[in-house]
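This report describes one protein model through its confidence, helices, surface and charged pairs. The sequence and structure are shown first.

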Amino acid sequence: MLTSSALHQQHTQLPQQLRRQSKAQNAKRSHITCVQAASAAQQQFPNRLTGSGARGALPRFVNWVNTSKPPKYLWRTLAALLMGGQALVRILQGKVHKRNTLEQLKLVGPNTVSVALLTAAFVGMVFTIQFVREFAKLGLTRSVGGVLALALSRELTPVVTCIIMAGRVGSAFAAELGTMQVSEQTDSLRVLGTDPVDYLVSPRVLACMIAGPVLNILCFAMGLAASVGLAETVYGVSANVILDSACRAITSWDIVTSCIKSWVFGTIIAVVSCSWGFTTTGGAKGVGESTTSAVVISLVLIFIADFILSFLFFQGQGDALKQCM
């Protein structure tokens, strides 16, 4: 049985425990209320709690960078610039895989030359039909060769040749590298300690840089020869007249600018196609989309670059046709 003193001590400790429990519950309820009020204030006035101006903009910018996904065209543009710069640096340093370069030269050169020559021949004959018809009415038949040579060397041959390269070579580059990317073969090269830029990109860029001017010269000769043959056999204009007019109108600068244009166009085709291939995602469907997009973007950039180079190379008034009148 409990004594009177024990009962008195028990009665005095019970209110103290109740008061402590009541204080703990009140503190917990006040903490929850403060947290809820702070959350509501942050949702209503975010800048006042995180800081306004630069102090508040920096955390939001960092959060945006970490959570946002850049557009695909922006990512591919940056990849093309970086990959093109790396490939040019590797070529200047001599870090090029020789066997791969020879294989790509065979693809860009001998496997493309037949289609390019055929296209150049028909382009030359089409323009011969238009020029001979109009110039014959004006009595300027002796100027046909000069006009044809200037048109072929300055604009038609480099543009048409590189359009064929974009369709024949650029699509092959994008499809091949895109397939390697989605099948993780490029990651395997990195695991083996091989830089994909040295092994895959630089040989293709160098091959297009070499083959472009060579194909351009061959297509120019083919287009002019086809024009001469058509003019003599169909319209009765002597081949000697056309060739003499062409030799007097054209200069070495025209040939140099034509080769520079084809060199630039070939570099654009290789860089864009390789970059689009390396940024391929989405399996087989992504490979097809990258191939189509690479060819289209290459063609657009070729025409833009052609305008810029023509504007830089041919300033002021020309007097080339005076030499063949």
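Phe 307 belongs to helix α12, residues 283–313. Helices (H or I, at least four residues) and strands (E, at least two) are DSSP runs, numbered from the N terminus.

A nonpolar surface patch consists of Val 296, Val 300, Leu 301, Ile 304, Phe 307, Ile 308, Phe 311 and Leu 312, which together have about 760 Å² of accessible area. Patches are made of residues with over 30% relative accessible area and no salt bridge, like charges being joined within 9 Å and nonpolar side chains (Val, Leu, Ile, Met, Phe, Trp, Tyr) within 5 Å. Accessible areas come from the Shrake-Rupley method with a 1.4 Å probe, and for residues only the protein chains shown count as cover.

## Basis and confidence of the model

The model is predicted: local features need pLDDT of at least 70 and side-chain atom pairs count only at pLDDT 80 or more, whereas totals for chains, interfaces and linings use all residues. Residues are numbered from 1 along each chain as its sequence is written, and side-chain values use heavy atoms, with hydrogens and water left out.

The mean pLDDT (the predictor's confidence in each residue, from 0 to 100) of the protein chain is 79, and 75% of its residues reach 70 or more. Over residues 47–55 pLDDT stays under 50, and the model has 10 contacts for them beyond four places in sequence; contact means heavy atoms within 4.5 Å.

## Overall architecture

The protein chain contains 12 helices and zero strands. Of its 325 residues, 39% are buried. Contacts between residues at least 6 apart in sequence join residues at least 24 apart in 85% of cases. The chain exposes about 18800 Å², of which carbon and sulfur atoms supply 65%.

Buried residues of α12 include Gly 286, Ser 290, Ala 294, Ile 302 and Leu 309. The buried residues of this helix pack against α4 (72–93), α7 (144–182) and α11.

Phe 131 is located in helix α6, residues 110–138, and counts as buried because its relative accessibility is 17%. Beyond four places in sequence, Phe 131 touches Ala 136, Val 144, Val 147 and Leu 148.

## Salt bridges

A salt bridge is a side-chain nitrogen of Lys or Arg within 4 Å of a carboxyl oxygen of Asp or Glu; the count comes to eight. Arg 90 and Asp 198 form one, with the closest N and O atoms 2.6 Å apart. This pair links distant parts of the chain, 108 residues apart: Arg 90 in helix α4 and Asp 198 in helix α9 (residues 196–233). Arg 90 is buried, with a relative accessible area of 17%. Arg 90, Asp 195 and Asp 198 are linked in a salt-bridge network.

Glu 155 and Lys 261 also meet in a salt bridge, at 2.8 Å from N to O. Glu 155 lies in helix α7 and Lys 261 in helix α11, 106 residues apart. Glu 155 is partly exposed at 27% relative accessible area, whereas Lys 261 is buried at 0%.

Notes. Buried < 20%, exposed > 50% of the residue type's maximum accessible area, 1.4 Å probe, protein only.
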